[in-house]
Amino acid sequence: MEYKGVRTELFDIIKRVVKWDKKLEIYTNGSDNSYPERVDRLINNSVTAKMALSVLTQYLIGKGFGDTDDVIINSETNQKLFDFALDIDDSLAEFRGVAIHFDYNLNFKPVNPKVIPFESIRLGKKDSKKYNGKVLISDEWTEPKVDNIKVIDVFNPKQNVVEAQIENAKGIDKYKGQVLYINYDKNYYYPLSRIDSVMNDCDSEAQASVYKNQLLRKGFFGKTLVVTRPLTDNTVPEYIVDGSGNRIPNREYRNMLDEADQTKKTIESFLGAENAGGAMLMEMEWSGDSLDEAIKIQQIESKLDDKMFSYTEESVSKNILMAFENLPIALVKSPDSALLGNSGESLKEAKRTYWENTEKERNKFLTILNEVLGYIGLDNQLEVIPLIDVNSNQNNQQTADTGL
């Protein structure tokens, strides 16, 4: 079965156009200015992508950073360092970019960093030196109201710059602070999401689930067809004329309808409450006097064949996992007996492999986190505590090399 709407949606998915919007004075993110929202929706509708994103964020932040996890880094929100780091982690894992807002104190130093939802960010016009000096923030970019858009300066902690911005704002109380905007795709205004190359795969996985659900809910799956002779007689009039010439309801017609309703209730009762909703009554004219010829009950076989979807679902799932730093499938599916054999060594190896696969992304995440901590005067030499014993793999390799 082909859904024409799906074809149109897939066409829209592959487009990521950035253009200048004169009215809003922003560079749009996507042809409809809702690329981040579309990415978020596709991930949430794809079981594989949603699980893969969860695993990736876990492997970037590991077990945290130790004693510094509970350090308060935002006095206004009382947010702890670990939670702040997790916000950065979430944004980088999904969008490959992050936006962090800073306030400034009376000493012109950045304080109270806070991660802004990436879908809320749009960039202002570049100057002659190709520099975006403004970041615009709104909760709604599809049909935004100009009055609800906040215009904030791009992060630049130089004191003379901050002093000038505060002066332009008519005082520090009215100053909106600055936004540190980080984009992994330096050649684009906005980064491409981690799922950009597999958007169609995410959508295919979601559409396969929708199709099967619709087939189960609205198709003929498990239906019962009941065929009877007509329960009503079309020759019986609904109204008749009495002896005085008045048009009145026909009692025979009313009795006929009551008997038909009673027959339908009897059939529902016969089928049982669980099956009544899946029954279809068909009234047909045919000849014959026996009971078999008076009523027929037939079960309609399901046309839902999981094998029809298995290849597609498996292939799109593999593609999605590759987009998430080649995530081993064992980490997103319940481990089978083969993986749990030999004391679960295969599963442990999958974890070690993915820890190595995500090393580059984890280092970039750490660099950003430590950079931010340095700006606000905190320890900026943090290291992630591994989720696994990374030394065990090295020890096993050394043992294999020495033959011990």
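Helices (H or I, at least four residues) and strands (E, at least two) are DSSP runs, numbered from the N terminus. The structure is a predicted model, in which local features need pLDDT of at least 70 and side-chain atom pairs count only at pLDDT 80 or more, while totals for chains, interfaces and linings use all residues. Residues are numbered from 1 along each chain as its sequence is written, and side-chain values use heavy atoms, with hydrogens and water left out.

**Largest pocket**
- A pocket is an open set of points on a 1 Å grid over the protein atoms alone, where a 1.4 Å probe fits, with protein on both sides within 12 Å along at least five of seven lines; lining residues have an atom within 4 Å of a point.
- The lining of the largest pocket comprises 18 residues, and His101, Lys114, Ile116, Ile137 and Lys150 lie nearest the centre.
- Two or more lining residues come from each of strand 5 (97-104), strand 6 (110-116) and strand 9 (150-154).
- Strand 6 contributes the most, with 4 residues.

**Strand pairing**
- Two strands pair if DSSP finds at least two bridges between them.
- Strand 7 (residues 121-123) and strand 8 (residues 134-137) run antiparallel and are joined by 3 bridges; Leu123 stands opposite Val135.
- Strands 8 and 9 also run antiparallel, with 4 bridges, and Ile137 stands opposite Lys150.

**Contacts of Phe365**
- Leaving aside neighbours within four places in sequence, Phe365 is in contact (heavy atoms within 4.5 Å) with residues including Leu60, Phe65, Ile88, Tyr184 and Val384.
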